[in-house]
Protein chains: 2
Amino acid sequence: MSDESPTDDIMEATYRALCRHGYADVTMEDIAAESEKSKSAFHYHYDSKHALLLAFLDDLLESFTARLDAVEGETPRDRLLGILDAVLESSAESPNREFKTAVLEMKAQGPYDEAFRARLDDFDRALRDRFAAVLAAGVDSGDFRADLDAEETADFLVTVCNGAQTRSVAVGRSTERTRRTLERYVESNVLATDSFAEAER
Amino acid sequence: MSDESPTDDIMEATYRALCRHGYADVTMEDIAAESEKSKSAFHYHYDSKHALLLAFLDDLLESFTARLDAVEGETPRDRLLGILDAVLESSAESPNREFKTAVLEMKAQGPYDEAFRARLDDFDRALRDRFAAVLAAGVDSGDFRADLDAEETADFLVTVCNGAQTRSVAVGRSTERTRRTLERYVESNVLATDSFAEAER
């Protein structure tokens, strides 16, 4: 994908409009107002707010998976914690609180909108797959417990990340606290040696 | 509180209207349409949709805490799992999917509405306090690990419950799976003896 895609400006305008107006209230006019493009250029690309928001979710998923795939680390443990950072640190950026709120509103569309739901499934699966891959790699390398259920643990970590994001919006609780608790969870439940966990006690 | 409070019918009508129309779209007229009361009786009690929804959240919090406080169990472990059941089983009832969705929409109001936010804080704290109390009791009785951080663990469990509820709405994932994973978490991370966890391996 080119960095100069004709829709990049539209995606950025959508981001800003969602932050400013929220998902429920945002209109095509609000999004056009955030853009340098003419309204006719807008309607040339997207014929409804719904189509535009779906394209926005596709774009967001692409950035999200790129961010997850860019996580580096010497060991499976480092890569696992790197994924947690990628998910929970971005949620902790306070300038993004409005955007996280719009994302939570969009999650609430899952039951009512099949096209939204398909994208929400993609996000959920993208994160779960990355967790599962690094967990399985850690089991294979002997860094993680031989009896670790990589799929179940990956699924649990996705649930915890969702919970941290929801509480961050609903009650303003810092996702950084969950990040720290999860680091201890990894030390005591995922790593093959529990020397670290023992040292903490 | 009397079982025949004049507002009980209004609360039930609000519940049905939220299930039918969702939080963002529901109107006072929708709620009145679900009620046997006259519209004027409605406006006698509540002068706006906002005031009515706040009263509804207060009512919901009262039921929620009553449900948590009704949890029984011989041991701290049983009571802890009983709280998880109370939170996650109710979320798994499929007829309630519409309501869970409305609740998620209301959570997304946290950043924008101080009065909503105060109620969301109350829900969060009510659950966290119940978890913390049973965890502390289990540490005192020797059922749970002596080194358990009751406050941190309680907070983590609230995050996990929020995540299970969010994923249930967004991607239709059963909260029952989280319930089972949390039971294993309790066995391996909370209980003083890890004989159960060892037997599972």
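Here is a short chat about a predicted model with chains A and B.

Residues are numbered from 1 along each chain as written, and chains are lettered from A in the order in which they are written. Local features need pLDDT of at least 70, side-chain atom pairs count only at pLDDT 80 or more, totals for chains, interfaces and linings use all residues, and side-chain values use heavy atoms, without hydrogens and water.

Student: How many helices are there in chain A?
Tutor: Helices here are DSSP runs of H or I with at least four residues, strands are runs of E with at least two, and both are numbered from the N terminus. Chain A has zero strands, and its pattern along the sequence reads α-α-α-α-α-α-α-α-α-α. The helix count is ten.

Student: How much area do chain B and chain A bury between them?
Tutor: Buried area is the accessible area (1.4 Å probe) that two parts lose on being put together, summed over both. Contact means heavy atoms within 4.5 Å, and 44 residues of chain B touch 44 of chain A that way. Carbon and sulfur atoms carry 53% of the buried area, and the total is about 3,500 Å².

Student: Which residue of chain A forms a salt bridge with Glu152(B)?
Tutor: A salt bridge needs a side-chain nitrogen of Lys or Arg within 4 Å of a carboxyl oxygen of Asp or Glu. The rule finds ten of them across the interface of chain B and chain A. For Glu152(B), the closest N and O atoms are 2.3 Å apart, and the partner is Arg184(A).

Student: And which residues of chain B is Glu152(A) in contact with, leaving aside its neighbours within four places in sequence?
Tutor: Glu152(A) sits in helix H8 of chain A, residues 150-171. With those neighbours set aside, the contacts of Glu152(A) are Thr181(B) and Arg184(B).

Student: Are H4(B) and H7(B) roughly parallel or roughly antiparallel?
Tutor: Axes are lines fitted to C-alpha atoms, for helices over the stretch in contact, with angles from 0 to 180 degrees between N-to-C directions. The axes of helix H4 (residues 49-69) of chain B and H7(B) come within 10 Å and cross at roughly 0°. Angles under 35 degrees count as roughly parallel, over 145 as roughly antiparallel, 65 to 115 as roughly perpendicular and the rest as oblique. That crossing therefore makes H4(B) and H7(B) roughly parallel.

Student: Where do H4(B) and H7(B) meet?
Tutor: On the H4(B) side, the residues include Leu57(B), Leu61(B) and Phe64(B). On the H7(B) side, among them are Phe116(B), Phe123(B) and Leu127(B).
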